[in-house]
Amino acid sequence: MMIYDNLPVYKATYDLLLQFFILNRHLQRDYRYTLGESIKNELVDLLVCIYNANTVREKAPILTTAREHVVKIKLQIRLLVDLKQISIKQYASAAEHIESISKQLAAWQKSATKA
């Protein structure tokens with residue numbers, strides 16, 4: 001069994017969480033304590049799902065939940081752009097991470113379903 005924090009999907013998610021701790025400082029107060037906190041919580045929940053999926057035999061249901069967290073994160077980050085809380089450049093960076101995470105989770109789920 002691979003150690004969960006060595007998984008590329010775990011590292012990509014953790015990096016995005018770090019990025020959001022930094023971005024959150026610059027959000028307007030209204031958004032910092034609502035959207036910003038929500039995104040950070042979703043990212044932590046996603047990290048827990050990755051950990052759990054790596055430790056159980058039946059991975060598919062956990063990976064489905066993980067992918068739902070990704071959808072919520074993507075939506076909320078898009079809201080930050082539309083509310084002019086983060087720049088297009090910051091959004092592009094976050095979107096790259098999200099795309100990578102999403103692809104890795106999809107591939108992991110596909111292989112878990114075959115097994």
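Select Gln-76 to start; Gln-76 sits in helix α3, residues 60-82. Helices here are DSSP runs of H or I with at least four residues, strands are runs of E with at least two, and both are numbered from the N terminus. The model is predicted, local features need pLDDT of at least 70, side-chain atom pairs count only at pLDDT 80 or more, and totals for chains, interfaces and linings use all residues. Residues are numbered from 1 along each chain as its sequence is written, and side-chain values use heavy atoms, with hydrogens and water left out.

Gln-76 counts as buried, at 10% relative accessibility. Buried means under 20% relative accessible area, exposed means over 50%, and partly exposed is in between (1.4 Å probe, protein chains only). Now show what Gln-76 touches: Leu-35, Ser-38, Ile-39 and Glu-42, leaving aside residues up to four places away in sequence. A contact means heavy atoms within 4.5 Å.

Lys-72 is in helix α3 and Glu-42 in helix α2, so the pair ties together parts that are 30 residues apart in sequence. A salt bridge is a side-chain nitrogen of Lys or Arg within 4 Å of a carboxyl oxygen of Asp or Glu. Glu-42 is buried, with a relative accessible area of 11%, while Lys-72 is partly exposed at 40%.

By this rule there are three salt bridges. For another, select Glu-37 and Lys-40, whose closest N and O atoms are 3.0 Å apart. Both lie in helix α2 (residues 29-55), three residues apart, about one turn of the helix. Glu-37 is partly exposed, with a relative accessible area of 27%; Lys-40 is buried, at 9%.

Go back to helix α3 and select Asp-82 and Arg-78, which lie four residues apart there, about one turn of the helix. Their side chains also form a salt bridge, 3.4 Å from N to O. Asp-82 is partly exposed at 47% relative accessibility, and so is Arg-78 at 44%.

Next, select Leu-83, in the loop between α3 and α4 (88-114). Leu-83 is partly exposed, at 32% relative accessibility.

Finally, show the whole chain. The protein chain has four helices and zero strands. Its C-alpha atoms fill a box of roughly 45 × 20 × 20 Å along the principal axes. Of the 115 residues in the protein chain, 39% are buried.
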